Amino acid sequence: MNQPLPAFLAFFSLLLLLGWRWPKYLFAIWPVTLLVLPSMRTLFGGAPFYWYDAVSLTILARLYLNRELAQWPATVPHWHRWFIGAALVLGTLVPIVRYGFGPEMIWILAHASMAWMAYAIGVALYIAPEGAKYRQLLVVGLLASLSITAIIAALEFGNESLARTFNAFFFRDMQGQVVMLEDVGAALSSARVNGPHADPNTFGGTSAIVCAVALLLIGQRSRQLAWLALGLAAVAVAATVSRQVLVAAVVGGLVVAALGTGRARLRVIGAAGILAVVALTSG
């Protein structure tokens, strides 16, 4: 979903303003761009710059410039540095030596590094002075994203006309995607909903993991919000008819089992089990 440069500059200017004056609201925007608009991008030459990377970059700049990551816990490894370092050596330098340099290598490293830096943002939620506010706004963004994607899933499932409309909106500039094939794209998407993502497995797996993260952040504060997150994720998972969601449910459950505490841990493990059953019965 390519956007013109003026639109991106206006969006990025808004992000900079929020980062300067009201940085907590960036945490509500971040999941929406990542989960609802993952294909939104602007081309610089031939290189796409995804809008969710712009939000991540703004959040990270604010955190580092404000020294909100200075008190990094000694017991928490800097996993993002290890992954970025491994990608630099094994995914960039070694291929350059073996096959020669290609400019796309730099783009791939930068894009992947922004994804791994989400780990630092996650740590900031608990060590930054404004961490509690960041977590609250992140929950708002996650629930908003789950709500929008659940509505898309419900509308798209079994309806080839709407499936074609959604695919045209999200992937109109990505004609190589299977969902954009004129003869089978809409039929595939209505039988196994892919939503804003390019395939149903990614859509279902992402919904399951987002549900786990939302429940972990909600904790004991609101049983109603916890059930809302679970119900919305279940709609998307069922519409994708994807048994690969089992992997996402297991991973989400294991992460929360390791990081959660008390009843919050039991709640998310139970939610992972429910989503696993939904995936099995729908498939």
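Student: Which residue does Phe44 stand opposite in strand 2?

Tutor: Phe44 faces Ala47 there. Strands, like helices, are DSSP runs numbered from the N terminus: E, at least two residues, for strands, and H or I, at least four, for helices. Before we go on, this is a predicted model, where local features need pLDDT of at least 70, side-chain atom pairs count only at pLDDT 80 or more, and totals for chains, interfaces and linings use all residues. Residues are numbered from 1 along each chain as its sequence is written, and side-chain values use heavy atoms, with hydrogens and water left out.

Student: In what sense do strand 1 and strand 2 pair?

Tutor: Two strands pair if DSSP finds at least two bridges between them. Here strand 1 (residues 41–44) and strand 2 run antiparallel, with four bridges. Their hairpin has two residues between the strands, and Gly45 has a positive phi near 70°.

Student: Which residues of strand 2 lie on its covered face, and which on the uncovered one?

Tutor: In a regular strand, side chains alternate between the two faces of the sheet. In strand 2 (residues 47–50), Pro48 and Tyr50 make up the covered face, while Ala47 and Phe49 make up the uncovered one.

Student: Is Tyr50 buried or exposed?

Tutor: Buried means under 20% relative accessible area, exposed over 50%, and partly exposed in between (1.4 Å probe, protein chains only). Tyr50 has 12%, so it counts as buried. Across the protein chain of 283 residues, 44% count as buried.

Student: How do I read a pair of aromatic rings?

Tutor: You look at the distance of the centres and the angle of the planes. Rings of Phe, Tyr and Trp (its six-membered ring) pair if their centres lie within 6.5 Å; planes under 30 degrees apart are stacked, over 60 edge-to-face, and the rest tilted. The structure has twelve such pairs. One of them is Phe44 with Phe49, edge-to-face at 6.3 Å centre to centre and 80° between the planes. Phe44 is partly exposed at 41%, and Phe49 is also partly exposed, at 27%. Tyr50 and Tyr52 have ring centres 5.5 Å apart and planes at 25°, so they are stacked. Tyr52 is buried, at 14%.

Student: Which residues do ring pairs link into a cluster?

Tutor: Phe8, Phe11, Phe12, Phe44, Phe49 and Trp51.

Student: Where does the charged end of Arg21 sit?

Tutor: A charge sits over a ring if NZ of Lys or CZ of Arg is within 6 Å of the ring centre and within 35 degrees of the ring normal. The charged end of Arg21 is over the ring of Trp20, 5.6 Å from its centre.
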